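Hello,

Here is the structure I promised to pass on. My notes on it follow below.

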Amino acid sequence: MDHVIVIRDYRPGDELQCKEIVREGTMSTVNTAFIAGLTREITFQAMVVTSAVMFIFMGVPLSICLGSIPVVIVAMYVIIYLAHTLKTMEMMQDISSIPRFYMSSDYTGFWVAEACEPMFMTQDPKHAKYLVMTESEMQRQSVQLASHLKKTVIGTIAVTRSKSEENTAWLRRMAVHPRYQHKGIGSQLVDEVIKFAVSKGYDAIELVTSECHNNARELYLKKGFELKQMYHKHVFGSLVSILIYELTLSLKQRVPINP
């Protein structure tokens with residue numbers, strides 16, 4: 001086998017690749033967030049009000065007033081980009097210390113998806129077919145990987161205890177490299193967290209996602225997650241905001257599955 005994705009526990013040394021996956025996953029939604037913000041009614045209102053104030057109260061020529069519209073658009077993009085950059089910096093702090101944040105308790109965990117493929121790939125991963133397996137499945141089936149294969153972390157997921165809900169797991173850091181998406185990797189990562197949470201006796205799993213991650217939200221819903229609440233998170237006053245979804249999955253009727 002020379003095209004395999006292995007879902008396994010985090011190991012020391014994975015940090016650098018995990019950082020890159022999380023960073024790329026966060027920054028890849030800048031354009032999506034920008035388009036979402038640009039199409040909101042309040043954005044058009046801000047453009048019209050800005051132009052009207054300049055024209056009526058400040059006596060600025062109409063042509064210059066209309067020229068302020070691109071300025072508002074550019075300012076919005078810059079604000080969204082900076083917000084994503086700050087979020088990435090915040091996330092890098094715990095990715096830099098995975099053992100301390102995610103491996104210091106029996107009730108927390110961090111997993112990666114590792115691509116095992118030829119050293120010199122002649123095919124774009126987007127078009128290649130991969131076998132996705134957990135490390136325990138490989139051991140049970142005695143699957144052996146060729147020693148010459150290149151191994152690269154291309155996905156991450158983690159779980160911690162919820163700080164607000166009793167006996168609830170908090171799913172975090174779910175990310176898959178864009179070139180490896182739509183191959184069932186995210187689904188396997190989520191299954192691993194669900195299996196772990198059930199084995200630890202958690203009553204539920206909760207997570208937060210945004211309107212910028214439609215594919216991830218659809219995956220969570222297919223796995224049985226339900227909408228708990230939704231709200232707008234303001235990035236820059238009421239002008240720039242992102243729609244946030246908080247999802248929950250009940251585990252009370254689930255039976256632990258042997259690994």
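His182 lies in the loop between E5 and H7; helices (H or I, at least four residues) and strands (E, at least two) are DSSP runs, numbered from the N terminus. Its phi is near 65°, a positive value in a residue other than glycine. Most residues other than glycine have a negative phi. His182 is exposed, with a relative accessible area of 71%. Here buried means under 20% relative accessible area, exposed over 50%, and partly exposed in between (1.4 Å probe, protein chains only).

Asn167, in the loop between E4 and E5, also has a positive phi, near 50°. Asn167 is partly exposed, at 26% relative accessibility.

Before the rest, some ground rules. This is a predicted model, in which local features need pLDDT of at least 70 and side-chain atom pairs count only at pLDDT 80 or more, while totals for chains, interfaces and linings use all residues. Residues are numbered from 1 along each chain as its sequence is written, and side-chain values use heavy atoms, with hydrogens and water left out.

Tyr220 is in contact (heavy atoms within 4.5 Å) with Leu171, Met174, Val190, Leu207, Thr209, Phe225 and Leu247, leaving aside residues up to four places away in sequence.

The buried residues of H8 include Ala216, Arg217, Leu219 and Tyr220. They sit on the same side of H8 because they cover an arc of only 160° around the axis, taken from the directions from the helix axis to the C-beta atoms. Just after H8, Gly224 has a positive phi of about 105°.

How many disulfides does a search of the whole structure find? The count is 0, a disulfide being a pair of cysteine sulfur atoms within 2.5 Å. For Cys116, the closest cysteine sulfur is in Cys18, 14 Å away and so too far for a bond. Cys116 is buried at 1% relative accessibility, and Cys212 is buried at 11%.

Regards
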